There are 4 protein chains.
Amino acid sequence: MLVPMEDINLHFTGDMHAITTANNLISACLDNHIHQGNELDIDIEHITWKRCLDMNDRTLRNINIGQGAKANGVERHDGFNITVASEVMAVLCLASSLTDLKERLGRMLIAYNTKNEPIYVKDLGIEGALAMVLKDAIKPNMVQTLEHNPVLIHGGPFANIAHGCNSLLATKTCLKLSDYTITEAGFGADLGAEKFLDIKCRLGGLKPNAVVIVATIRALKQHGNVAYEDLKEENVEAMLAGCENLAKHIDTIKQFGLPYIVAINEFATDTPNEVKALEEWCKEHHHPMSLSQVWAKGGEGAIDLANQLIGLCNQENTYAPLYDVNDTIENKINIIAKKAYGADGVDFTDEAKEQIALYNKLGWDKMPICMAKTQMSLTDDGKVFGAPKGFRITVRELNPSLGAGFMVALTGKVLTMPGLPKVPAANKMDITEDGHITGLF
Amino acid sequence: MLVPMEDINLHFTGDMHAITTANNLISACLDNHIHQGNELDIDIEHITWKRCLDMNDRTLRNINIGQGAKANGVERHDGFNITVASEVMAVLCLASSLTDLKERLGRMLIAYNTKNEPIYVKDLGIEGALAMVLKDAIKPNMVQTLEHNPVLIHGGPFANIAHGCNSLLATKTCLKLSDYTITEAGFGADLGAEKFLDIKCRLGGLKPNAVVIVATIRALKQHGNVAYEDLKEENVEAMLAGCENLAKHIDTIKQFGLPYIVAINEFATDTPNEVKALEEWCKEHHHPMSLSQVWAKGGEGAIDLANQLIGLCNQENTYAPLYDVNDTIENKINIIAKKAYGADGVDFTDEAKEQIALYNKLGWDKMPICMAKTQMSLTDDGKVFGAPKGFRITVRELNPSLGAGFMVALTGKVLTMPGLPKVPAANKMDITEDGHITGLF
Amino acid sequence: MLVPMEDINLHFTGDMHAITTANNLISACLDNHIHQGNELDIDIEHITWKRCLDMNDRTLRNINIGQGAKANGVERHDGFNITVASEVMAVLCLASSLTDLKERLGRMLIAYNTKNEPIYVKDLGIEGALAMVLKDAIKPNMVQTLEHNPVLIHGGPFANIAHGCNSLLATKTCLKLSDYTITEAGFGADLGAEKFLDIKCRLGGLKPNAVVIVATIRALKQHGNVAYEDLKEENVEAMLAGCENLAKHIDTIKQFGLPYIVAINEFATDTPNEVKALEEWCKEHHHPMSLSQVWAKGGEGAIDLANQLIGLCNQENTYAPLYDVNDTIENKINIIAKKAYGADGVDFTDEAKEQIALYNKLGWDKMPICMAKTQMSLTDDGKVFGAPKGFRITVRELNPSLGAGFMVALTGKVLTMPGLPKVPAANKMDITEDGHITGLF
Amino acid sequence: MLVPMEDINLHFTGDMHAITTANNLISACLDNHIHQGNELDIDIEHITWKRCLDMNDRTLRNINIGQGAKANGVERHDGFNITVASEVMAVLCLASSLTDLKERLGRMLIAYNTKNEPIYVKDLGIEGALAMVLKDAIKPNMVQTLEHNPVLIHGGPFANIAHGCNSLLATKTCLKLSDYTITEAGFGADLGAEKFLDIKCRLGGLKPNAVVIVATIRALKQHGNVAYEDLKEENVEAMLAGCENLAKHIDTIKQFGLPYIVAINEFATDTPNEVKALEEWCKEHHHPMSLSQVWAKGGEGAIDLANQLIGLCNQENTYAPLYDVNDTIENKINIIAKKAYGADGVDFTDEAKEQIALYNKLGWDKMPICMAKTQMSLTDDGKVFGAPKGFRITVRELNPSLGAGFMVALTGKVLTMPGLPKVPAANKMDITEDGHITGLF
């Protein structure tokens, strides 16, 4: 059960590689089908399935494949997503069994034929092979903390570009095995929490009891417009200004009808003045709060937080998703943008409008929405901090994840394949002859 | 230690995925370096490093990357190899330690600058990160047979397009742990055996004792020009005609100065007449021989073979590689083609000649040669069976594997990325709810 | 001097071919410069100059060039415009002499270097060769009408995607040779007239006397939302509804301070009721008007129009361009959109905003604007007829034509390379052995 | 009739532009056909028709078109030839009338469908439009020399990559109008003369009387292996060594059964010793010869040559093409290589062999061969001078020109689209305000 941190961050149990392989097996079979005569009459200008790789590789975003000799397959445009954005990842995280997994994989949309009718993975007849490739990846992975508490780690759809929740199988396993099940929903209440509460709980029939809203003083100062390189300096005023952002996340959780507590995740660089000011801000606004000192003290540093949380879990709550799944695509996105982001409304590009018209015709409009949006801002522009007002969200593209059972809406300039920085992290990493790893931080 | 066959064929211990990741991390860092200003002045028309994937995907052989917006990186031509053809695989199989692995990874050639000077992985400064990615993959994997004999499986460079031998670390581990070490060298004496004896033994300082030449009656009939669909029919005459091919493989082993035994690997479809005729052919030509019935009877079916082999191992031998590593590139390839294939000689394309001139100038001419050639024929044309005479081999491209320490010579139309057949194997595979896999055969 | 209609429409005097050649000579020298070492440090991801062809060829809009061997030049993205959209065409139409032509050609922007500094044609040192290629094309071409009146035809920048006016040299030649100079400004007052009055008159120092606004009953019915296939049917009501569109064009001319007359260009399919109703609409709104019957009667059919026009030319006028050339780029475009199109305002895409910021920095903001907009509508959406209100124009891209001396603003989905329809006109054309041409109409 | 040299070299009468336009109209209609539904089931991986441009533009050799949005047409690989290599040029040069032109254009091969059946221009139904585009280009152009002799200039297929002869219409016009018709067949007897005598005379039913073999002392020295920069120095020995090359051209003409005379085309840099030595070499080998001084003296400088030539024209001759048009493709090429180049034989690449098999099946094997070969050498390697022995020619690709009526064989590395040198000629060209052109030499 013991897995060191490097192993988790590196290949772990190989789930990510299995998902990559399954995703790319679809692409290889799809292109092979076209090359071998294209019996399904697939429109090579209207293929929606992309390849993927677990690598930040910007040059693979937009590529032309099948160049050169005829034996190299048909030329067409394609692109790679990062593996965490693959629908296979979402499907693995939402499947309830191997059989359900296979059915979901078979339902995934991959292309349209020249009559604009959808083509699914099952039309290629490879959903069985895909499920086989994922036979181990579908099993939750158990690891332990430094204090030997068991933890399930399973599935990794990033909450900015995917649905942001660990697997339903892991959550349900935990619900059976333990008294309390705590799950992380990545990034803020606009992303991870919204998707956990609107998508995963809805599709999995889960009933949450309470929410821990984790706040850091560093992030609040950044939302108070302190520059990145100055975040180490004490700045109570800026932190209080940034609390507007925290207030918006609290407001979003309230709209879901759930009790909550703010956990102040103490950093070594936080000053007593800052901590005190934040505690007072919480009291003043009547937000339940606890100072969490787990980084410094381990489990002992969160006993108060745990006790308060148990109290919240025993309260009644009125949890409900933000929107009705049977509403129109436009309305559902508008509700999320207004309620969870504080936006005035949503603009759809012409391309997005055409897609909605097609999806309505095909009956794909009754699914939850999975927003792809920058995690840096409540808006779709990663450079806008705090809790802005009077802004609009732009939806530029909509992709149905029919296997997962939701509709992905790409906003602003969000990308499903990141790039490396000027100096990649790889340049700092090293390993010694006896296997000691350096440069991970 | 117990790993079922499906796991070995599927993700196994993840070594292949780790190699894929390391290979593609180089590409991502290389393209990122160019995108971020190209301080190394890399010539984008002269990049030799390719991406890879463990997937038969013909459409990825020739691609254009970095299309579209400037943020998507610089446009250039690239291609994917299959992972087993990656130099990272060869390096992992020849490394003697983590430190040696790191140094070999750093030495790998990736491109030339605009002054035609070589650029290596170490110029990107990521060899430490690569070694870290491979920290578990470098460890040999132990599995067991159905009769609970321990077996090491480690590394998988295919012998048609790569050097075809398992890892040196696994072989050396086995030499320490057991009385006899048997290793498989894939395909015939023209490929796996030639590379084991000319490359791996030479670079690893190994001294082999004897060779088991495995022959099947089916293959001999094919070399006697029986059509694939008729191989099940008894055909003694064709089998005897095909023995010419076996005779050439025996001849090649003799040239290496090693004792040998022909193991007739009995199939259920072999007829008594055929088996008898093959045994007589061996006797007539004074080739040591044993009928191996391991498929039907397990270990018991090869007791005679094992006893004979022990006898051979106790003989003196005059093992020596076929060629002097300090000979010219052309001569070394000519010697392999003449001695191991029975060719009259070798033609080099203009491109290959230009490459040789460059490699001579750069001092890369003193390495063993790793031939990439079809396994279907002694010639470089996969449709020619038997033991042909009067043919020539065409070398169309030469790629230095400076990390592995050999020069790869691509012959005929051999490809480093296969394609799928009209009906891919994936179409037959399936898995049941309780994890039972079907369709692998 | 006699040139039949087919010759004008076919190769004419070869001016278009010379412009195509000059345009593509720049591209060939630019790519050759990069291939030969790129001394100018041109950023291959930031080349603005495109190739061109006088052919409606949609597949050439977006292409990748320099594929394959290194000798084929550096790989990059490029595209073809239609020749009439080439800046060389605009430059030829605005040049005052061979020397001025050469200087303008030298000033044309072709790319940026990696420091984001502009690279001009003169940096390649080929403006002399380009002027030589255009030495005959710069000379106005004289043809005659069926009634033997001399006409100058020279230059053809389409008014939807370019500046829409014939050459300044031809206009000035005509001003010297004749009593009255009449010039066509293609499409409506939103396109040809706006550009003639805001760009050509301003840059050429011309002072127009009066404007003939040509109206056809067919077009008015279309603006009254009659379907294309029903335009032959009498429909007075729809025609009167479509007069809103005519009224907007008249209004635009008035804003330029010029006297005008509406010429009703009579078609064989116009009915007496329609003609009468249009004449009455003009009278009712006090618009000077004349029925032009030149199609049926030749010059005689426009004697009244000519006489009225002479009267208008003798009036004083207050002609002035719509905007101050020293205003900001955004303001100038807003003024055109509001005054000439009747729009509420203009939206700039993020890309357009970034371009404006760069052009401001480089001092390229003090030039007239050349709008590229569909000719089918006053809006930037070709499916909206009549005189709509409450709409906005989207500017998606801005391209400085430094040789011509204006800034091109691309709106909506306007394309600078058209495509062919399902049945191209070429399918109907033919020529007999004795040179008789059929199928042009 | 007076056309200055610059006009001939620039746009002349626009024939080249018309050919470019016709060629590219085919491509635009072909791609449009595919985009609009591909009723002809054209295999986009097997399109043989290429675009063309009259520009040395290496980056257009290999391109990918139809990138981006679906409205931009179907993505595929394409390339541009230089216009002189377009089959339209060959067709124009071999057509006997407008009607014949139209039929030939209709017969041109453009692609195969997915059943590997040929698709012709006439399947697109645009041969009428193409003939119309060429209606003026098909008419021979008359110019005059500095001494006012009339000359017909018509058609320009380069003799290295095309069939190298001016138009049949021009030749037949001249035969009717004058006593003697002299035509230039570009480059040596291996290229222009071979094609004139094997293709044009055969297809056009022409009976030549005599051949003038033009020799320059500079070229002979180059074939004697004098470096380019030393050609101005006197070097009698090298010149005499280079006469081997001249001897081979003479030998080729003899094989065609025609009387000949060597014309020494005197240059200002030739020395008396060199001229004398060449005259003596001719005498010694009994080759009729005349010193031509037309560069220095005009027509007067070739009176002796003309008189001798008239004498030859009055002789009987036994003219016959080198090969029987009904022989196999391989044999015909072998005969040309052996008889006209002095080669030992011909190697066909695998691709060429597959093409021949297909063309045999389609009945396209009974046409003359049009060799594409470097003009720098009798071999297919432009760096080999003199009259080498013991070499072989490589045919890498065969393209049927069904409209022209011959089969093009590409040898060695010959390219159908040239590139620009490091300093393009355009950099030296200029034009003054009064139209004076400089820098052409």
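Copies here are superposed by least squares on the C-alpha atoms of residues with pLDDT of at least 70 in both. With that settled, let me start with the chains.

What we are looking at is a predicted model, in which local features need pLDDT of at least 70, side-chain atom pairs count only at pLDDT 80 or more, and totals for chains, interfaces and linings use all residues. Residues are numbered from 1 along each chain as its sequence is written, chains are lettered from A and ligands numbered from 1 in the order in which they are written, and side-chain values use heavy atoms, with hydrogens and water left out.

First, symmetry. Two copies of a chain are related by a rotation about an axis and a shift along it. Chain A goes onto chain C by a rotation of 180 degrees with 0.0 Å of shift along the axis, at an RMSD of 0.1 Å. The two copies are thus related as by a two-fold rotation axis. Within chain A, Gly68(A) has the C-alpha nearest that axis, 4.3 Å from it. As for the interface, 100% of the interface residues of chain A are also interface residues in chain C, so these copies meet through the same surface. Contact, here and below, means heavy atoms within 4.5 Å.

Next, helix packing. Helices are DSSP runs (H or I, at least four residues) and strands likewise (E, at least two), numbered from the N terminus. Axes are lines fitted to C-alpha atoms, for helices over the stretch in contact, and angles run from 0 to 180 degrees between N-to-C directions.

In chain D, helix H2 (residues 15–35) and helix H3 (residues 87–94) pack at an angle of about 120 degrees, with axes 9 Å apart. That makes H2(D) oblique to H3(D); under 35 degrees counts as roughly parallel, over 145 as roughly antiparallel, 65 to 115 as roughly perpendicular, and the rest as oblique. On the H2(D) side the contact uses Met16(D), Ile19(D), Ala22(D) and Asn23(D), which meet Val88(D), Met89(D) and Leu92(D) in H3(D). By class that is 6 nonpolar, 1 polar and no charged residues. The classes are nonpolar (Ala, Val, Leu, Ile, Met, Phe, Trp, Tyr, Cys and Pro), charged (Asp, Glu, Lys and Arg) and polar (the others, Gly among them).

In chain C, which residues in H10(C) meet H14(C)? They are Lys248(C), Asp251(C), Thr252(C) and Gln255(C), and they meet Lys339(C), Ala340(C) and Tyr341(C). The axes of H10(C) (residues 236–255) and H14(C) (residues 329–341) come within 8 Å and cross at roughly 125 degrees. These two helices are therefore oblique to each other.

H10(C) also packs on H11(C) (residues 272–284), at about 40 degrees and with axes 10 Å apart. Residues in that contact include Leu240(C) and Leu246(C) from H10(C), and Leu278(C) and Trp281(C) from H11(C). The count by class is 10 nonpolar, 1 polar and 1 charged.
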